Amino acid sequence: MGLAEIRELIKPVIKEVDLSYLSGKIVALDAFNALYQFLAAIRQPDGTPLKDSKGRITSHLSGLFYRNKNLIENGIKLIYVFDGRHPEFKKKEQELREEQRKKMEEKYEIAKEAGEKNLKKYAEFTSKLDYNMIDEAKELLKAMGVPYIQAPSEGEAEAAYLVKKNIADFVGSQDYDSLLFGGTRVVRNITISGKRKIRGVEVNISPEIIELKDVLNYLNLNQEKLIILALVVGTDYNPDGIKGIGIKKAYEIVKKYDDPEKIFNYINWDKYYDISWKELEKFFLDPPVVDINKEDIKFGEIDEEKIRKILIDNHDFSEERVNKSIEELKKSYKQGSQKNLLSFFQNG
DNA sequence: CGGAGGTA
DNA sequence: TACCTCCGG
């Protein structure tokens with residue numbers, strides 16, 4: 001079900017690295033992807049997210065602040081990319097997600113009534129990102145000196161564009177979608193702790209790098225064929241894929257026919273979807289993006305008063321802890337600029 | 001998720 | 001140093 005299945009197929013070209021591999025690199029992070037992760041994960045065992053004294057959720061701010069600080073300390077430069085308006089044909093997927101979220105909300109309530117202790121596993125799928133959270137995340141990023149870009153459409157597409165244009169080195173996301181948008185390098189699992197819960201059990205996880213050219217070489221496909229492969233198993237724009245066809249079968253089909261028309265005839269695309277496959281293919285090959293100049297992206301312009309205002313004054317974060325992190329962040333920026341200066345003299 | 005503080 | 005558990009807001 002969906003593009004996540006592709007992992008099985010491309011396992012041999014997934015490179016596990018440690019965080020230091022990314023030192024000095026620029027990572028374009030899918031902001032919604034990250035914020036949802038924080039909302040899902042930063043919860044108490046009973047499922048409650050972190051909240052300030054007014055009852056407003058703060059998990060996403062905590063996650064952003066401490067993870068950014070750490071990644072920056074590791075010499076990684078971050079650009080966050082926020083989703084813009086989703087294409088009309090994403091509606092189905094969005095409705096599906098909302099439906100699943102509501103279903104999990106019910107399950108959560110039922111488990112709560114039944115007196116179950118570990119409610120986190122239900123609660124994490126009830127996360128909802130609202131406009132206020134998005135605005136405050138942007139504000140915090142700005143205050144931290146972490147640049148962000150507002151994409152006109154899909155964030156994954158914009159992030160892929162940044163990597164294609166050599167403004168960033170990697171797309172940072174848990175999803176594989178940016179490969180379809182032509183993102184040349186993707187990093188998944190970009191975290192500090194190296195631990196994540198998978199189906200309830202905690203396992204060690206390190207960042208993994210996927211290069212688009214390795215994927216295409218290994219599968220012996222071109223970009224168009226990769227997109228077609230994705231359309232057969234299901235993307236955000238046709239979430240169900242084609243009934244009865246998984247990634248293995250899809251790969252066989254895509255390899256067997258040279259002519260895309262034949263593939264889509266064979267799988268009876270028109271029987272399942274109103275939208276033409278050509279329109280979706282075009283969206284992946286040439287998505288709406290906003291043009292960015294490398295010089296316009298500034299790293300490390302920190303506003304520590306603003307950070308304190310957002311986290312301590314507005315949201316009751318611990319003054320001591322925030323101040324400590326601000327000092328560490330400033331130190332990282334200073335070291336970073338010294339490094340840059342040094343390499344400037346060495347290279348210049 | 002990541003930090004802090006504890007234990008072996 | 002590795003690992004565990006609880007807390008943060």
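How many residues of the surface near DNA strand C are nonpolar, how many are polar and how many are charged? In this predicted model, the residues of that surface divide into four nonpolar, five polar and three charged.

## The surface around DNA strand C

The residues found around DNA strand C are Ile42, Gln44, Pro49, Leu50, Lys51, Thr58, Ser62, His315, Asp316, Phe317, Ser318 and Arg321.

## Two domains in chain A

The domain assignment of chain A gives two parts, domain 1 covering residues 1-219 and domain 2 covering residues 220-286. To the contact between them, domain 1 brings 26 residues and domain 2 brings 25 residues. The centres of the two domains, taken over C-alpha atoms, are separated by 26 Å.

The size of an interface is often expressed as the accessible area that is lost when the parts come together. Between domain 1 and domain 2 the buried area is about 2300 Å², and carbon and sulfur atoms give 63% of this area. On the side of domain 1, Phe89, Leu180 and Leu219 supply 32% of the area buried against domain 2, which is more than any other three residues supply.

## Polar links and helices at the domain contact

Side chains of opposite charge can pair when their charged atoms come close. Between domain 1 and domain 2 there are two salt bridges, and the side chains of Asp236 and Arg97 meet in a salt bridge with an N to O distance of 3.3 Å. Counting polar contacts gives 13 residue pairs between the two domains, with both residues at pLDDT 80 or more.

On the side of domain 1 that touches domain 2, the elements giving two or more residues are helix H1 (6-10), helix H4 (91-113), helix H8 (177-180) and helix H9 (212-219). The most is given by H9, with six residues. Sorted by class, this side of domain 1 has 15 nonpolar, four polar and seven charged residues.

## A salt bridge within one helix

The structure as a whole holds 27 salt bridges. Lys69 forms a salt bridge with Glu73, and the closest N and O atoms are 3.7 Å apart. Both Lys69 and Glu73 lie in helix H3 (residues 59-73), where they are four residues apart, about one turn of the helix.

Definitions and conventions
Residues numbered from 1 in each chain as written. Chains lettered and ligands numbered in written order. Predicted model: local features only at pLDDT ≥ 70, side-chain atom pairs only at ≥ 80, totals over all residues. Heavy atoms only, no water. Domains from an automatic or database assignment. Contact = heavy atoms within 4.5 Å. Buried area = accessible area lost by both parts, 1.4 Å probe. Salt bridge = Lys/Arg side-chain N within 4 Å of Asp/Glu carboxyl O. Polar contact = N/O pair within 3.5 Å; in protein donor to acceptor, adjacent residues only side chain to side chain. Nonpolar A, V, L, I, M, F, W, Y, C, P; charged D, E, K, R; others polar. Near = heavy atom within 4 Å.
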